[in-house]
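Morning, everyone. Please have the sequence and the 3D view open, and follow along with me.

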Number of protein chains: 2
Amino acid sequence: MIGVFDSGVGGLTVVKEIYKAYPNCKIVYFGDTARLPYGTKGASFVKRYSKKIVKWLISHGADSIIIACNTSSAWAADSLRQEFKDIPILEMIGPAIEQACLYTKNKRIGIIGTPGTIRSGVYEKRLAKKGCRVFAKACPLFVPMVEEGLVSGNIVEEVAKRYLAPLKAKGIDVLILACTHYPLLKSTIQKIIGKEVRIVNPAEAVVKGIGFYKKGKSSFYFSDQPYNLQKISKLCFERKIKPIVNDPFNS
Amino acid sequence: MIGVFDSGVGGLTVVKEIYKAYPNCKIVYFGDTARLPYGTKGASFVKRYSKKIVKWLISHGADSIIIACNTSSAWAADSLRQEFKDIPILEMIGPAIEQACLYTKNKRIGIIGTPGTIRSGVYEKRLAKKGCRVFAKACPLFVPMVEEGLVSGNIVEEVAKRYLAPLKAKGIDVLILACTHYPLLKSTIQKIIGKEVRIVNPAEAVVKGIGFYKKGKSSFYFSDQPYNLQKISKLCFERKIKPIVNDPFNS
């Protein structure tokens, strides 16, 4: 069974891609809504809770892990792999970088994500090693916009222009959506950044790394009542999901 | 010493009003940045952490408490007063309601706040008892906009129109800013809602309830690295503050 975790509901866009590739794949999902957002939290906080969550997922039957959260992928993936050597741990950043390098012709790559992911500098460092120039921009309003169901229209386009204009001016030819919520804004982002820029959705890339899986009914756990879960769920799956709400890390 | 707490940095707008009334007032501030935002969390979560924080503030010398967070005021004030009978606990909602009732002529009052505050229905219930009609609207984008330093301009006005148009259409003559961040958007909100609507900032109202205070240097504690603290602090005080970052509720 594949264990997927995120700071909240955004990881459902990753589940969406898993289902596209492997319909009926059995997943145990944990959204840490009690402590979201991870994007503005410190690195040690994100590491500590990522470890707790992976332990919990394993105790609930997961035999492989996908870190859907980009902030957690940036800060916790290495220490998680050190800690849990026996199971495959997939994260969002490596596969996204591979994909971006396949797409780019001019080696000028844009990254958008939460303040935490951007501040970590992890994409820049890894892409620089591959000879790419990287232009990064934190987009803190995108997540609350998606969670409000605002994925197109005037306000979204104005906000997208604000964030994307500096990247467009740099002549990027690939843009990585380094936050789970952003694929739901893909059509607006494509419209603003221009058709000539190829967009990388890390979830599509990471799914290619899944080696084995079981079929069965998935379970969706959240550490606190998820805000606008059904809105996001319908945007992702065109149906509702049944959340199980309980915080295992609080006495 | 006055203990002030909030889910994050927004409570600094309350500190701003305390300083306006009582310069050099000694304050111990706790921003629960490790678990913010409270606005989308469940009621039992908010109650549990509010209690922990009040205990912590008392152990750090507070002999009166101001609950700066509206969500916590809505869900936790009653149980906190039951639990901590020996010290005065001020919250945002009662004073804001008194002020709104003084201002209104047509008894049609608007409320804007986080989804949690609005969902609690606490303002509606209390204002209904006073014979007012209440029109409430959750504005989830306002907090991340303020935290990005976006307090005026085109995007803010577009978002404000989206939220405030339904209230304007109801002919309200008073609007309560039921979230600590919103006073920083006051001039934009006033512009969109119209000059004829009087705006209530609960922080201004609550400060009138302070009975005693000490002079001295204030301390500002946060349970995790606060995001854009200096931006908010400069918007509030026109100077920076020195945060002490430590989560007392995590082993």
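Which side chain meets Arg162(A) in a salt bridge? The partner is Glu148(B), at 3.7 Å from N to O. A salt bridge here is a side-chain nitrogen of Lys or Arg within 4 Å of a carboxyl oxygen of Asp or Glu. Side chains of opposite charge can pair when their charged atoms come close.

A quick word on ground rules. This is a predicted model, where local features need pLDDT of at least 70 and side-chain atom pairs count only at pLDDT 80 or more, while totals for chains, interfaces and linings use all residues. Residues are numbered from 1 along each chain as its sequence is written, chains are lettered from A and ligands numbered from 1 in the order in which they are written, and side-chain values use heavy atoms, with hydrogens and water left out.

Now the interface. Chain A gives 31 residues to the contact, and chain B gives 31 residues. Contact means heavy atoms within 4.5 Å. How much area do chain A and chain B bury between them? About 2600 Å², with 56% of it on carbon and sulfur atoms. Buried area is the accessible area, taken with a 1.4 Å probe, that two parts lose on being put together, summed over both. The rule finds two salt bridges across this interface.

How many salt bridges does the structure hold over all chains? The count is 20. Take one inside chain A: Asp63(A) and Lys214(A) meet at 3.5 Å, N to O. Asp63(A) sits in the loop between H2 and strand S3 (64-67), and Lys214(A) in the loop between helix H10 (202-207) and strand S9 (219-222), so this pair ties together parts of chain A that are 151 residues apart in sequence. Those labels come from DSSP runs, numbered from the N terminus: helices are H or I with at least four residues, strands are E with at least two.

Next, helix packing. Two packed helices are described by the angle between their axes and the distance between the axes. Look at H2 (residues 43-59) and H3 (residues 70-83) of chain A. Their axes come within 9 Å and cross at roughly 55°. Axes are lines fitted to C-alpha atoms, for helices over the stretch in contact, and angles run from 0 to 180 degrees between N-to-C directions. H2(A) and H3(A) are therefore oblique to each other. The scale: under 35 degrees is roughly parallel, over 145 roughly antiparallel, 65 to 115 roughly perpendicular, and the rest oblique.

Who makes that contact? From H2(A), the residues include Val46(A), Ser50(A) and Val54(A); from H3(A), they include Trp75(A), Ala76(A) and Leu80(A). By class, this contact of H2(A) with H3(A) has six nonpolar, four polar and three charged residues. Nonpolar covers Ala, Val, Leu, Ile, Met, Phe, Trp, Tyr, Cys and Pro; charged covers Asp, Glu, Lys and Arg; the others, Gly among them, are polar.

Move to chain B. Helix H4 (residues 93-103) and helix H6 (residues 122-129) have axes within 11 Å, crossing at roughly 45°. That makes H4(B) oblique to H6(B). The contact includes Ile97(B) and Cys101(B) of H4(B), along with Tyr123(B) and Leu127(B) of H6(B). Its classes are seven nonpolar, one polar and one charged. In chain A, the axes of H4 (residues 93-103) and H6 (residues 122-129) come within 11 Å and cross at roughly 45°.

Last, the backbone. Most residues other than glycine have a negative phi, and most peptide bonds are trans. Where is Pro37(A)? In the loop between strand S2 (27-31) and H2 of chain A. The bond from Leu36(A) to Pro37(A) is cis, with omega near -5°. In chain B, a cis peptide bond joins Leu36(B) and Pro37(B), with omega about -5°. Lys107(B) is not a glycine, yet has a positive phi of about 60°. Find Lys107(B) in the loop between H4 and strand S5 (108-113) of chain B.
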